[in-house]
Amino acid sequence: MRTSLSLEGTLSGTTDRRNARWTFPPCVPSQCRVSSALCPPSFLRNHQKGCKSRARNTQRLKAAVHYTVGCLCEEVTSDKEMQFSKQTIAAISELTFRQCENFAKDLEMFARHAKRSTINTEDVKLLARRSNSLLKYITEKNDEIAQFNLERKAKKKNKSEDVNKSSRETVEAEAADSED
């Protein structure tokens, strides 16, 4: 995916470059090709900061995935007495990261198809539909969370009713005392 910019559809409201708001799709840092001829310098500075920030976040996330895969491979090594080379761990890490990126894109598309901007559990279930055990696990966890939320909501409602009841009793008692 190559990010290219043209004047068509990039200015909002006006064609005057000084007063226009520039809006562009988010870029992929490694594939960013913003044309400096079309953009004002302030936009380029902000855009480059955004690209660098996204690149740093991506690198940090990749490092976290690599660390987690390494820890999991160490567990398998101790349990099964197998050895993993550094290249194998790196390959598993890269594969895992790419698969998570694909999952994220799929979840976004499922929500967009349903005309929503928020991903919900139904989207996650749709993503996991090919793995029966994973779908079953996600459904069970979703039901547990829903049940917990209902219980918490009921407790909150009972607590607010108790507070209202006690405050009414206090007001009634004060009114009875003032009558005496």
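Predicted model: local features only at pLDDT ≥ 70, side-chain atom pairs only at ≥ 80, totals over all residues.
**Overall fold**

The chain holds 4 helices and 2 strands, and, read from the N terminus, these elements follow the order β-β-α-α-α-α. Of its 180 residues, 17% count as buried, while the accessible surface comes to about 14,700 Å², with 54% of that area belonging to carbon and sulfur atoms. Among the contacts in the chain with a separation of 6 or more, 33% are accounted for by residues 24 or more positions apart.

**The nonpolar core**

The largest nonpolar core consists of 5 residues, namely Val65, Val69, Cys73, Ile89 and Phe97. Helix α1, which covers residues 41-80, and helix α2, which covers residues 86-113, each supply at least two residues of this core, and α1 gives the most, with 3 residues.

**Salt bridges**

Side chains of opposite charge can pair when their charged atoms come close. A search of the whole structure finds 5 salt bridges, and the table below lists some of these pairs with the distance between nitrogen and oxygen.

| Pair | N to O distance |
|---|---|
| Arg112 and Glu108 | 2.9 Å |
| Arg116 and Asp123 | 2.9 Å |
| Lys141 and Glu144 | 3.5 Å |

The pair formed by Arg112 and Glu108 lies within helix α2, where the two residues are 4 positions apart and therefore separated by about one helical turn. Arg112 is partly exposed, at 48% relative accessibility, and Glu108 is also partly exposed, with a relative accessible area of 39%.

In the pair made by Asp123 and Arg116, the closest N and O atoms are 2.9 Å apart. Asp123 counts as buried, because its relative accessibility is 3% and buried means under 20%, whereas Arg116, at 30% relative accessibility, counts as partly exposed.

Methods:
Residues numbered from 1 in each chain as written. Heavy atoms only, no water. Buried < 20%, exposed > 50% of the residue type's maximum accessible area, 1.4 Å probe, protein only. Contact = heavy atoms within 4.5 Å. Areas by Shrake-Rupley, 256 points an atom, 1.4 Å probe, with all protein chains shown as cover. Core = buried A, V, L, I, M, F, W, Y, C linked by side-chain atoms within 4.5 Å. Salt bridge = Lys/Arg side-chain N within 4 Å of Asp/Glu carboxyl O.
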